[in-house]
Amino acid sequence: MQTQTKQDGSNNLGYMIQYQIKDKAIWIVFLILFIVFAIAHPRFLHYNNLLTILLQVSMFGIAAVGMTFIILTSGIDLSVGSIISFVGVACAFLMVNLGVNMWLAIIISLGLSTIIGLLNGAMVAFIGIPAIIATFAMQTVIQGVALRISGGRPIFGFDDTFRVIGQGMFLNTPVPVPVIIMIVCFAIGSFILNKSYFGRYFYAIGGNEEASLLSGIRIKRIKCLVYALSGFFAGLAGIVLLSRTNSAQPTAGSGWEFDVITCVVLGGVSITGGYGKISNVIAGVFIIGILTNGMILLGISAFDQMIVRGVVLAAAVGFDCVQKKRQLV
């Protein structure tokens, strides 16, 4: 009995060490990539280039907060990219075509994105449709709605005040407003996961859904909540993207869901749910941003960039699967 206890203790210690190594490794990878590209291209460390990286990753980071919640509960959301496109078109249509006040248009658009997320959650939790199918179906529907509203054409002609959200600097500092929005989103995500009972429920459901149900957690409601939150954060990323580009493109967010998923999984969030930290997702977001920017500076073609991103996603998921198998041994 004593020997068994010692073995259990050794296993638990081993798991803790593995997780600590995994947590530190992502930041080491970030530093290595940063140094490599800084050496490989002289323009990498220029202020304008670093500013471009910050602006690009800010939108991925905002959407990644909601995706983190979903993956923690062992779910997936393929509609994020289409929600980003739809929110941009909806907000632009309200402001330009209907003359709605800027702030009211933003609130309505974010409300619509949250409702879309809630519908995703309802299909998954109450109807029982697999998350990958439910969100893929929603992706198709919402993309079609965005194309219908815009007529397949871009919408532009916003007030200069709206541009501040995606192009302005925070209180005349060198820090872009989108970066501040991303930091606030990460802070909210960290608070939810570390300080609220909802966050504990996310981990519990992802770790063992059956045990969570037996312990009294209302799993269906929690799943609806996480998908609604994902819809909200994706919508917020869509607003920032719209303001930055100053034009609503009906396919602006196409394919973004895979980049967001890569950021989250690369950041150490287990694809099977139950484990992950917002702090490491930040590193995952910046790694994708640096990798993309560095490849562009080095003249790597868009086709090869797709290959690299696919390999990175497969490697991140594969590493997580290997870690899971080791725990079961």
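Author: Gladly. Keep in mind that this is a predicted model. The structure holds three salt bridges.

Reader: What makes Arg163 and Asp160 a salt bridge?
Author: The N to O distance between their side chains is 3.6 Å. The cut-off is within 4 Å, for a nitrogen of Lys or Arg and a carboxyl oxygen of Asp or Glu. Therefore the pair counts as a salt bridge. Both residues lie in helix 6, three residues apart, about one turn of the helix. An α-helix has 3.6 residues a turn, so residues three or four places apart point the same way.

Reader: Why is Asp160 called exposed?
Author: Its relative accessibility is 55%. Exposed means over 50%, so Asp160 qualifies. Arg163 has a relative accessible area of 32%.

Reader: Is Lys223 buried or exposed?
Author: Buried, because its relative accessible area is 14% and buried means under 20%. Glu209 has 34% relative accessibility, so Glu209 counts as partly exposed.

Reader: What makes Arg309 and Asp259 a salt bridge?
Author: Their closest N and O atoms are 3.4 Å apart. Again the limit is within 4 Å, so they count. The pair joins distant parts of the chain, with Arg309 in helix 13 and Asp259 in helix 11, 50 residues apart. Asp259 is buried, because its relative accessibility is 14%. Arg309 is partly exposed, at 22%.

Reader: Why is helix 11 called largely enclosed?
Author: Because 10 of its 11 residues are buried. Among them are Trp256, Glu257 and Asp259. Just after helix 11, Gly268 takes a positive phi of about 95°.

Reader: How do you know that the buried residues of helix 8 are on the same side?
Author: The buried residues are Gly199, Phe202, Ile205 and Gly206. They cover an arc of only 125° around the axis, which puts them on the same side of helix 8. The face turned away from that buried side carries the exposed residues Arg200 and Gly207. Helix 2, helix 7, helix 9 and helix 10 are included in what covers the buried residues.

Reader: Which residues touch the most other members of the largest nonpolar core?
Author: Ile62, Phe69 and Phe162 do, in a core of 94 residues. Leaving aside neighbours within four places in sequence, Phe69 is in contact with residues including Phe202, Val226 and Phe233.

Reader: Why is Phe232 called partly exposed?
Author: Its relative accessible area is 30%. Buried needs under 20% and exposed over 50%, so Phe232 falls in between. Phe232 is in helix 10. Leaving out residues up to four places away in sequence, Phe232 touches Leu110, Ser113 and Thr114.

Notes: Residues numbered from 1 in each chain as written. Predicted model: local features only at pLDDT ≥ 70, side-chain atom pairs only at ≥ 80, totals over all residues. Heavy atoms only, no water. Core = buried A, V, L, I, M, F, W, Y, C linked by side-chain atoms within 4.5 Å. Buried < 20%, exposed > 50% of the residue type's maximum accessible area, 1.4 Å probe, protein only. Contact = heavy atoms within 4.5 Å. Helix = DSSP H or I, 4+ residues; strand = E, 2+ residues; numbered from the N terminus. Arc of directions from axis to C-beta.
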